[in-house]
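Please look over the sequence and the model shown here before reading on. The briefing is meant to be read alongside them.

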Amino acid sequence: MNSFHEKMEEYSFPFYSKKEVNLKQRLGSGAIGSVYKGELTIFGDTIDCVIKKVSSDNYTKKRYMYQDIIDEVDIGHRFMSKGTQQIQFYGYTTYKEKDITIICLLMELTQSKGDLASYLGSDNLWKKLTKRE
(Lines give C-alpha, C1' and ligand atoms only; values in the text may rest on other atoms or scores of the structure.)
Protein backbone atom coordinates (compact mmCIF):
# COMPACT_ATOMS: atom_id res chain seq x y z
CA MET A 1 0.00 0.00 0.00
CA ASN A 2 2.85 2.44 0.75
CA SER A 3 4.32 1.91 -2.71
CA PHE A 4 0.87 2.72 -4.12
CA HIS A 5 0.79 6.09 -2.32
CA GLU A 6 4.41 6.75 -3.36
CA LYS A 7 3.53 6.10 -7.00
CA MET A 8 0.53 8.45 -6.75
CA GLU A 9 2.85 11.11 -5.30
CA GLU A 10 5.20 10.67 -8.27
CA TYR A 11 2.30 11.70 -10.48
CA SER A 12 1.48 14.65 -8.17
CA PHE A 13 -1.88 13.00 -7.64
CA PRO A 14 -3.38 14.46 -4.43
CA PHE A 15 -4.76 12.30 -1.63
CA TYR A 16 -7.98 13.41 0.07
CA SER A 17 -9.49 12.06 3.25
CA LYS A 18 -12.78 10.14 3.04
CA LYS A 19 -14.59 12.97 4.84
CA GLU A 20 -13.75 15.31 1.93
CA VAL A 21 -15.49 13.00 -0.57
CA ASN A 22 -19.26 12.56 -0.83
CA LEU A 23 -20.75 9.92 -3.15
CA LYS A 24 -24.22 11.06 -4.17
CA GLN A 25 -25.75 9.31 -7.17
CA ARG A 26 -24.66 6.06 -8.77
CA LEU A 27 -24.23 6.57 -12.51
CA GLY A 28 -23.15 3.09 -13.56
CA SER A 29 -20.86 0.16 -12.98
CA GLY A 30 -18.24 -1.92 -14.71
CA ALA A 31 -16.11 -4.99 -14.17
CA ILE A 32 -14.10 -3.58 -11.27
CA GLY A 33 -16.33 -0.99 -9.64
CA SER A 34 -18.96 1.72 -9.85
CA VAL A 35 -19.10 5.33 -10.97
CA TYR A 36 -20.86 8.01 -8.95
CA LYS A 37 -21.71 11.65 -9.22
CA GLY A 38 -20.38 13.23 -6.07
CA GLU A 39 -18.64 16.10 -4.39
CA LEU A 40 -15.12 16.91 -3.26
CA THR A 41 -14.72 19.51 -0.54
CA ILE A 42 -11.41 21.37 -0.46
CA PHE A 43 -10.78 24.19 2.02
CA GLY A 44 -14.54 24.72 2.42
CA ASP A 45 -15.26 24.85 -1.33
CA THR A 46 -17.33 22.06 -2.86
CA ILE A 47 -16.61 20.79 -6.38
CA ASP A 48 -18.98 18.51 -8.28
CA CYS A 49 -17.09 15.51 -9.58
CA VAL A 50 -17.27 11.97 -10.88
CA ILE A 51 -16.02 9.31 -8.48
CA LYS A 52 -14.80 5.95 -9.73
CA LYS A 53 -15.09 3.59 -6.75
CA VAL A 54 -12.99 0.42 -6.98
CA SER A 55 -13.32 -2.36 -4.38
CA SER A 56 -10.78 -5.01 -3.43
CA ASP A 57 -13.54 -7.63 -3.34
CA ASN A 58 -13.59 -7.44 -7.17
CA TYR A 59 -10.01 -8.74 -7.30
CA THR A 60 -8.33 -12.02 -6.42
CA LYS A 61 -5.34 -10.04 -5.04
CA LYS A 62 -5.24 -6.44 -3.80
CA ARG A 63 -2.03 -5.74 -5.68
CA TYR A 64 -3.97 -6.15 -8.95
CA MET A 65 -6.39 -3.45 -7.82
CA TYR A 66 -3.54 -1.07 -6.98
CA GLN A 67 -1.90 -1.78 -10.34
CA ASP A 68 -5.14 -1.13 -12.26
CA ILE A 69 -5.50 2.25 -10.54
CA ILE A 70 -1.85 3.14 -11.15
CA ASP A 71 -2.24 2.19 -14.83
CA GLU A 72 -5.30 4.43 -15.18
CA VAL A 73 -3.56 7.35 -13.47
CA ASP A 74 -0.47 6.77 -15.61
CA ILE A 75 -2.52 7.04 -18.80
CA GLY A 76 -4.24 10.19 -17.53
CA HIS A 77 -0.89 11.65 -16.45
CA ARG A 78 0.56 11.13 -19.92
CA PHE A 79 -2.31 13.10 -21.44
CA MET A 80 -2.04 15.83 -18.79
CA SER A 81 1.71 16.23 -19.25
CA LYS A 82 1.24 16.78 -22.99
CA GLY A 83 -1.32 19.55 -22.44
CA THR A 84 -4.05 17.56 -24.17
CA GLN A 85 -6.06 16.56 -21.15
CA GLN A 86 -9.80 16.55 -21.62
CA ILE A 87 -10.84 15.08 -18.28
CA GLN A 88 -9.30 16.63 -15.16
CA PHE A 89 -8.19 14.16 -12.49
CA TYR A 90 -8.59 15.76 -9.04
CA GLY A 91 -7.02 13.05 -6.88
CA TYR A 92 -7.97 9.97 -4.90
CA THR A 93 -8.96 8.60 -1.52
CA THR A 94 -8.69 5.19 0.11
CA TYR A 95 -10.63 3.72 3.00
CA LYS A 96 -12.00 0.47 4.40
CA GLU A 97 -15.57 -0.82 4.48
CA LYS A 98 -15.43 -3.79 6.84
CA ASP A 99 -12.55 -5.89 5.39
CA ILE A 100 -12.83 -4.40 1.92
CA THR A 101 -10.31 -1.83 0.66
CA ILE A 102 -11.87 0.96 -1.39
CA ILE A 103 -10.03 3.33 -3.73
CA CYS A 104 -11.88 6.26 -5.26
CA LEU A 105 -10.54 8.24 -8.22
CA LEU A 106 -11.92 11.78 -8.32
CA MET A 107 -12.41 13.28 -11.77
CA GLU A 108 -14.03 16.24 -13.46
CA LEU A 109 -17.78 16.04 -13.98
CA THR A 110 -18.35 16.62 -17.71
CA GLN A 111 -21.48 17.68 -19.54
CA SER A 112 -21.48 14.32 -21.28
CA LYS A 113 -24.35 11.96 -20.73
CA GLY A 114 -23.06 8.41 -20.61
CA ASP A 115 -19.74 6.73 -20.06
CA LEU A 116 -16.24 8.07 -20.67
CA ALA A 117 -15.78 6.03 -23.84
CA SER A 118 -18.90 7.64 -25.33
CA TYR A 119 -17.64 11.09 -24.35
CA LEU A 120 -14.24 10.49 -25.89
CA GLY A 121 -15.88 9.26 -29.09
CA SER A 122 -18.32 12.17 -29.36
CA ASP A 123 -18.22 14.63 -32.26
CA ASN A 124 -18.29 17.59 -29.85
CA LEU A 125 -15.06 16.52 -28.17
CA TRP A 126 -13.24 16.04 -31.47
CA LYS A 127 -14.48 19.41 -32.76
CA LYS A 128 -13.00 21.03 -29.65
CA LEU A 129 -9.70 19.19 -30.12
CA THR A 130 -9.39 20.04 -33.80
CA LYS A 131 -11.04 23.48 -33.50
CA ARG A 132 -13.29 22.70 -36.46
CA GLU A 133 -16.99 23.46 -36.52
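What follows covers the strands, the helices, the nonpolar cores and the cysteines.

This is a predicted model, in which local features need pLDDT of at least 70 and side-chain atom pairs count only at pLDDT 80 or more, while totals for chains, interfaces and linings use all residues. Residues are numbered from 1 along each chain as its sequence is written, and side-chain values use heavy atoms, with hydrogens and water left out.

**Sheet**

- Five strands form an open sheet in the order β1-β2-β3-β5-β4, with antiparallel pairing; strands (E, at least two residues) and helices (H or I, at least four) are DSSP runs, numbered from the N terminus, and two strands pair if DSSP finds at least two bridges between them.
- The edges of this sheet are β1 (21-29) and β4 (89-97), each of which pairs on one side only.
- On average, neighbouring strands of this sheet are turned by 30 degrees against each other, direction ignored.
- Strand β2 (residues 33-42) runs antiparallel to β1 and is joined to β1 by seven bridges, and E39 in β2 is the bridge partner of N22.

**Helix packing**

- Helix α1 (residues 2-10) lies across β4 and β5 (100-108) and runs at about 170 degrees to β4; axes are lines fitted to C-alpha atoms, for helices over the stretch in contact, and angles run from 0 to 180 degrees between N-to-C directions.

**Nonpolar cores**

- The largest nonpolar core has 17 residues, of which F4, M8, F13, I69, V73 and L105 touch the most other members; such a core is a set of buried Ala, Val, Leu, Ile, Met, Phe, Trp, Tyr and Cys residues joined through side-chain atoms within 4.5 Å.
- At least two residues of this core come from each of α1, α2 (62-81), β4 and β5, and α2 gives the most, with five residues.
- Leaving aside residues up to four places away in sequence, M8 touches F13, I69, V73, Y92 and L105, where contact means heavy atoms within 4.5 Å.
- A second, separate core of 10 residues includes Y16, Y36, L40 and Y95.

**Cysteines**

- The structure holds zero disulfides, a disulfide being a pair of cysteine sulfur atoms within 2.5 Å.
- The closest cysteine sulfur to that of C49 is in C104, and because the two are 9.4 Å apart, they are too far for a bond.
- C49 is buried, with a relative accessible area of 0%, and C104 is likewise buried, with a relative accessible area of 0%; buried means under 20% relative accessible area, exposed over 50% and partly exposed in between (1.4 Å probe, protein chains only).
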